[in-house]
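Please have a look at it first, and then I will go through it piece by piece.

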Amino acid sequence: MSNIQIVQNFINSENDLYCDDCLSEKLDIKPRQQVNQICNKLKKQGLLKREVKQCSSCSKDKLINKLEGF
């Protein structure tokens with residue numbers, strides 16, 4: 001399974017909001033910038049929304065990833 005599929009499946013299965021750093025840590029995708037690139041690609045495809053909110057994992061106000069329409 002590709003890293004894009006891993007990120008997409010994880011976000012689809014979770015109701016929580018995760019920043020790129022926490023997604024990188026939880027999914028063991030290194031470097032973190034790869035998660036950033038994946039999430040930006042999914043956003044451009046209209047599958048993901050990225051906005052500044054509190055991350056469900058680290059509780060910091062950061063750019064989080066969530067399903068479009070969630």
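Before anything else, a word on touching: when I say that two residues touch or pack, I mean that they have heavy atoms within 4.5 Å. What we have here is a predicted model, in which local features need pLDDT of at least 70 and side-chain atom pairs count only at pLDDT 80 or more, while totals for chains, interfaces and linings use all residues. Residues are numbered from 1 along each chain as its sequence is written, and side-chain values use heavy atoms, with hydrogens and water left out.

Let me begin with Ser-24, which touches Ile-29, Lys-30, Pro-31, Arg-32 and Val-35, if we do not count residues up to four places away in sequence. Ser-24 lies in helix 2, and here helices (H or I, at least four residues) and strands (E, at least two) are DSSP runs, numbered from the N terminus. Is Ser-24 buried or exposed? At 2% relative accessibility Ser-24 counts as buried, where buried means under 20% relative accessible area, exposed means over 50%, and partly exposed is in between, with a 1.4 Å probe and protein chains only.

With the same exclusion of residues up to four places away in sequence, Leu-23 touches Phe-10, Ile-11, Tyr-18, Asp-28, Val-35, Cys-39 and Asn-65. Just after helix 2 comes Asp-28, which takes a positive phi of about 55 degrees.

Now to Asn-36, whose place is in helix 3 and which is partly exposed, with a relative accessible area of 25%. Asn-36 and Ser-24 are 12 residues apart in sequence, and in space they are 8.9 Å apart, C-alpha to C-alpha. Leaving out residues up to four places away in sequence, Asn-36 touches Asp-20 and Arg-50.

Turning to helix 1, which covers residues 3-13, we find Val-7, Phe-10 and Ile-11 buried. Seen down the axis of helix 1, these buried residues fall within an arc of 95 degrees, so they line one face of the helix; the arc is that of the directions from the helix axis to the C-beta atoms. Against what do the buried residues of helix 1 pack? They pack against strand 1 (18-19), helix 2 (20-27), helix 3 (32-44), strand 2 (48-54) and strand 3 (61-67).

The strands form an open sheet of 3 strands in the order 1-3-2, with antiparallel pairing, and two strands pair if DSSP finds at least two bridges between them. The edge strands are strand 1 and strand 2, each pairing on one side only. Helix 3 packs on this sheet and touches strand 2 and strand 3, its direction making about 120 degrees with that of strand 2; axes are lines fitted to C-alpha atoms, for helices over the stretch in contact, and angles run from 0 to 180 degrees between N-to-C directions.

Strand 1 and strand 3 are paired over 2 bridges, and Cys-19 stands opposite Ile-64 in strand 3. Strand 2 and strand 3 are joined by 7 bridges, with Leu-48 opposite Leu-67 in strand 3. Strand 2 and strand 3 also form a hairpin with 6 residues between them, and in its turn Ser-59 has a positive phi of about 65 degrees.

Finally, the cysteines: how many disulfides does the structure hold? The structure holds 0 disulfides, a disulfide being a pair of cysteine sulfur atoms within 2.5 Å. The sulfur of Cys-22 is 3.5 Å from the closest cysteine sulfur, in Cys-19, which is too far for a bond. Cys-58 is in no disulfide either, as the nearest cysteine sulfur, that of Cys-55, is 3.8 Å away. Cys-22 counts as buried at 8% relative accessibility, whereas Cys-58 is partly exposed, with a relative accessible area of 27%.
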